[in-house]
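The following exercises are to be worked with the sequence and the coordinates at hand. Each task is followed by a stepwise solution.

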Amino acid sequence: NAMADLNKAIEIDPYTSHSFSARGLLYFQQKDYNTALADLDEAIRLDPYIEGNFINRGLIKYYLNDLRGAMADYDRVIEMDENNVIARFNRGLLRAQVADNNRAIRDFDKVIELQPDNNIAYLNRAILNNEIGNSAGALDDINMVLEAHPDFFSGYFMRSQLKRGLNDLQGAERDYNLARNLEANAHTSS
């Protein structure tokens, strides 16, 4: 029904970007990525100042494996609004995927600056800091995650490895044992 309504709206007024962006999202949900992309392209052509259309088109391009295109759309949003958390977060994930770790970390730095309680950003930054050899930074980040989520056993396994690398063998063993206990409790309660 929604698709029929949007098709009718576009037929009546083919110059309204919102109808194309809404229909593009419906096509995206139906996994018809190429048609979704065409609608988002048209929405952006009609109104090139709606940040959400670039974010959604970036996501569609990601699903079409057009990583450069997705990156360009996130870059465009950040040019319009450097504090757009969604674009920063998505670009950080994309940069991490293509091993552009230092720039991914900078994107997550900005996300955390704007949303200091974004634990997923801390976790992503911890993983990236660990990958570039910044064990102290990774440890600080995973500590933030574990403070907010004390039952996150994978975080304790990660912190155990970090502490081992920093030669805190007792701390590493405590975290490893805690992680094992939390993991065992999670499996018995499910």
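**Exercise 1.** Determine where serine 17 is placed and whether serine 17 is buried or exposed.

*Solution.* Step 1: serine 17 belongs to helix 2, residues 17–29; helices (H or I, at least four residues) and strands (E, at least two) are DSSP runs, numbered from the N terminus. The model is a predicted one, in which local features need pLDDT of at least 70, side-chain atom pairs count only at pLDDT 80 or more, and totals for chains, interfaces and linings use all residues. Residues are numbered from 1 along each chain as its sequence is written, and side-chain values use heavy atoms, with hydrogens and water left out.

Step 2: the relative accessible area of serine 17 is 6%, so this residue is buried (buried means under 20% relative accessible area, exposed over 50%, partly exposed in between, with a 1.4 Å probe and protein chains only).

Step 3: with neighbours within four places in sequence set aside, serine 17 is in contact with Ala43, Leu46, Asp47 and Ile50, where contact means heavy atoms within 4.5 Å.

**Exercise 2.** Locate lysine 31 and asparagine 65, and state the phi and the exposure of each.

*Solution.* Step 1: lysine 31 is in the loop between helix 2 and helix 3 (33–46). Although lysine 31 is not a glycine, its phi is positive, at about 65 degrees. Its relative accessible area is 60%, so lysine 31 is exposed.

Step 2: asparagine 65 occupies the loop between helix 4 (51–63) and helix 5 (67–80). Asparagine 65, not a glycine either, has a positive phi of about 65 degrees. With a relative accessible area of 60%, asparagine 65 is exposed.

**Exercise 3.** Describe helix 8: its span, its buried residues and the helices they pack against.

*Solution.* Step 1: helix 8 (residues 119–131) has 13 residues and reaches 18 Å from its first C-alpha to its last, close to the 18 Å expected at 1.5 Å a residue; the expected span is 1.5 Å times one less than the number of residues.

Step 2: the buried residues of helix 8 are Asn119, Ala121, Tyr122, Asn124, Arg125, Ala126, Leu128 and Asn129. These buried residues pack against helix 6 (85–97), helix 7 (101–114), helix 9 and helix 10 (153–165).

Step 3: just after helix 8, glycine 133 has a positive phi of about 90 degrees.

**Exercise 4.** Which residues does serine 135 touch, apart from those up to four places away in sequence?

*Solution.* Step 1: serine 135 is in helix 9 (residues 135–148). Step 2: serine 135 touches Asn129, Leu162 and Leu166. Asn129 is also one of the buried residues of helix 8. Step 3: asparagine 56 lies 79 residues from serine 135 in sequence and 34 Å from it in space, C-alpha to C-alpha.

**Exercise 5.** Characterise the chain as a whole by its helices, its radius of gyration and its burial.

*Solution.* Step 1: the chain contains 11 helices and zero strands. The radius of gyration is 21 Å, well over the 16 Å given by the globule rule for 190 residues, so the chain is more spread out than a compact globule. This radius is taken over C-alpha atoms, and the rule is 2.2 Å times the number of residues to the power 0.38.

Step 2: the C-alpha trace spans about 70 × 40 × 25 Å along its principal axes.

Step 3: of the 190 residues, 41% count as buried. Among contacts between residues at least 6 apart in sequence, 39% join residues at least 24 apart.
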